[in-house]
Amino acid sequence: ARRLGTLPGHIYNSAMGKVHGSLARAGKVKGQTPKVAKQEKKKAAVARAKKRLQYNKRFINAPVGMGGKRIQPNKQPAGKLG
């Protein structure tokens, strides 16, 4: 049943239950996760140097697949594709 005054695309149905649970459980996972100290990292490249690293990663050192084509950066191994 649609109720007047709701936004288009938002359907209100009073017969359905609550969606996200009580606020008593809010932050449960974050609260029980052990705190791990941040590790020191080397300084990240900025501006021209970052673009240079990006270019080298994408075009110079890029893995080459069959037919001489570059492999996509987030391509899954063949065994993982169902």
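What follows is a short chat about a predicted model of one protein chain.

Reader: Before we start, what kind of model is this?
Author: The model is predicted, so to speak of local features a pLDDT of at least 70 is needed, side-chain atom pairs count only at pLDDT 80 or more, and totals for chains, interfaces and linings use all residues. Residues are numbered from 1 along each chain as its sequence is written, and side-chain values use heavy atoms, with hydrogens and water left out.

Reader: How many helices and strands are there in the chain?
Author: The protein chain has 2 helices and 0 strands, where helices (H or I, at least four residues) and strands (E, at least two) are DSSP runs numbered from the N terminus.

Reader: And what share of the residues is buried?
Author: Of the 82 residues, 1% are buried, with buried meaning under 20% relative accessible area, exposed over 50% and partly exposed in between (1.4 Å probe, protein chains only).

Reader: Where is Ala47, and is it buried or exposed?
Author: Ala47 lies in the loop between helix H1 (28–32) and helix H2 (48–60), and it counts as exposed because its relative accessibility is 54%. Its phi is near 55 degrees, a positive value in a residue other than glycine.

Reader: Switching to the pocket, which residues line the largest one?
Author: The lining consists of Lys57, Arg58, Ala62, Pro63, Arg70, Ile71, Gln72 and Pro73. A pocket is an open set of points on a 1 Å grid over the protein atoms alone, where a 1.4 Å probe fits, with protein on both sides within 12 Å along at least five of seven lines, and lining residues have an atom within 4 Å of a point.

Reader: What can you say about Pro63?
Author: Pro63 sits in the segment after H2 and is partly exposed, with a relative accessible area of 48%. The C-alpha atoms of Pro63 and Pro73 are separated by 8.9 Å, although these residues are 10 residues apart along the chain.

Reader: Last one, where is Tyr55?
Author: Tyr55 belongs to helix H2, and its relative accessible area of 45% makes it partly exposed.
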